[in-house]
Amino acid sequence: MVTKIFVTRKIPDAGIEMLKAPGYEVKVSDKDGVLTKDELIAELKTGEYNAVLCLLTDKIDTEVLDAAGPKCKIFANYAVGYDNIDVEEARKRDIFVSNTPGVLTETVAEYTISLMLSLVRRIPEADKFVRAGEYHGWAPMLLMGSGLAGKTLGVVGLGRIGARVAHHAVRGFDMKVIYYDVNRNADFEKEYNAGYRADVDHVLTDADFVSIHVPLLDSTKHLINDARLQLMKNSAYLINTSRGPVVEEAALGRALKAGTIRGAAIDVFEFEPKIDSLLTELDNIVLTPHIASATEETRGKMSELAAQNILEALSGNIPPNVIQAQG
Ligand code: DGY
């Protein structure tokens with residue numbers, strides 16, 4: 001019996017080659033875009049696959065899991081976040097769910113710092129200015145920004161990525177760090193002279209930059225809302241490279257417009273790929289299209305790790321990055 005694997009969209013070849021190596025039949029969707037739910041269900045029903053490599057843009061719910069049927073051993077998500085998958089329902093059907101942690105930590109941390117710099121040094125605005133032919137010579141007041149050194153970075157969510165952003169902020173840019181996480185980390189505090197705050201609110205009141213690094217859960221949806229934005233300093237900046245719905249986008253638009261906060265840099269959106277026009281019309285925000293992990297190196301490693309999880313599941317082993325259902 002041939003073992004069949006479905007990959008919901010083209011990804012870097014490294015992982016696909018790994019999946020083909022044992023002689024497995026690998027089908028990669030040739031659609032130039034995300035499969036609709038109906039398309040995904042139809043493919044899974046007819047294909048009777050043993051494993052699926054899916055993306056954060058695929059919603060894997062009960063209907064999709066049912067369509068995958070009893071032959072399917074694993075949905076291997078090509079992402080560290082897995083809020084697109086109903087993990088509990090997968091577990092009920094004895095289907096493994098896996099993610100790709102670790103391999104994108106450095107890349108996302110670097111990107112978060114680059115968003116902070118783009119924002120305070122107004123790099124996107126400066127680029128537009130030059131291209132528009134508006135540069136007529138050095139000027140003392142031209143496109144002045146502000147710096148990072150000595151400022152306080154507030155990290156909300158001290159997982160791998162949050163901790164790495166803090167590392168770069170302290171070691172690379174002489175920033176101070178405060179943080180909130182459900183788990184306090186004494187070693188981290190000692191190493192980076194970091195201050196713990198017992199709740200998100202106190203990070204917001206005390207930080208010059210707030211960087212969000214929490215997973216999307218029921219409890220983190222709209223973690224940053226009107227009331228919380230009001231707590232931030234007028235001079236503060238918000239950076240989000242986690243998941244869009246953690247920040248209430250309309251509230252952010254209102255806060256930026258009213259000057260409640262000074263600026264924001266956002267790589268993820270509440271209703272991706274749609275973006276509230278309130279945000280696109282503003283100058284004090286840097287907007288990028290969910291690319292924080294998008295380097296050739298990292299996307300290749302994500303492809304390999306997702307494949308590794310599938311290979312282990314198909315060999316009857318527990319995949320190295322298996323997700324346990326929450327709660
Ligand atoms: C993830 O992995 O969860 C990112 O959002 C995409 O790389």
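Asn240, Gly244, Val247, Glu249, Leu252, Ile266, Val268, Phe269 and Leu279 line the largest cavity. The model is a predicted one: local features need pLDDT of at least 70, side-chain atom pairs count only at pLDDT 80 or more, and totals for chains, interfaces and linings use all residues. Residues are numbered from 1 along each chain as its sequence is written, and side-chain values use heavy atoms, with hydrogens and water left out.

**The cavity**

A cavity is a set of points, on a 1 Å grid over the protein atoms alone, where a 1.4 Å probe fits but cannot get out; lining residues have an atom within 4 Å of a point. The volume is the space filled by probe spheres set on the points, which are joined across faces, edges and corners. The count is one cavity of 30 Å³ or more. The largest cavity holds about 40 Å³ of space. Its lining has six nonpolar, two polar and one charged residues. Here Ala, Val, Leu, Ile, Met, Phe, Trp, Tyr, Cys and Pro count as nonpolar, Asp, Glu, Lys and Arg as charged, and the others, Gly among them, as polar.

**The ligand**

Which residues are around the ligand? They are Leu56, Ala79, Val80, Gly81, Leu104, Arg243, His290, Ser293 and Met302, each with a heavy atom within 4 Å of the ligand. This shell divides into five nonpolar, three polar and one charged.

| Residue | Protein atom | Distance to a ligand oxygen atom |
|---|---|---|
| Val80 | backbone N or O | 2.7 Å |
| Gly81 | backbone N or O | 2.9 Å |
| Ser293 | polar side-chain atom | 2.6 Å |

On its own, the ligand has 230 Å² of accessible area, and the protein covers 90% of that. Such areas come from the Shrake-Rupley method with a 1.4 Å probe.

**The domains**

Domain 1 spans 4–101 + 296–324, and domain 2 spans 105–287. These bounds come from an automatic or database domain assignment. The domain centres, taken over C-alpha atoms, are 32 Å apart. Six residues of domain 1 contact four residues of domain 2, with contact meaning heavy atoms within 4.5 Å.

Notes. On a 1 Å grid over the protein atoms alone, a cavity is a set of points where a 1.4 Å probe fits but cannot get out, and a pocket is an open set with protein on both sides within 12 Å along at least five of seven lines; lining residues have an atom within 4 Å of a point. A polar contact is a pair of N or O atoms within 3.5 Å; within protein, one must be able to donate a hydrogen and the other to accept it, and residues adjacent in sequence count only if both atoms are side-chain atoms.
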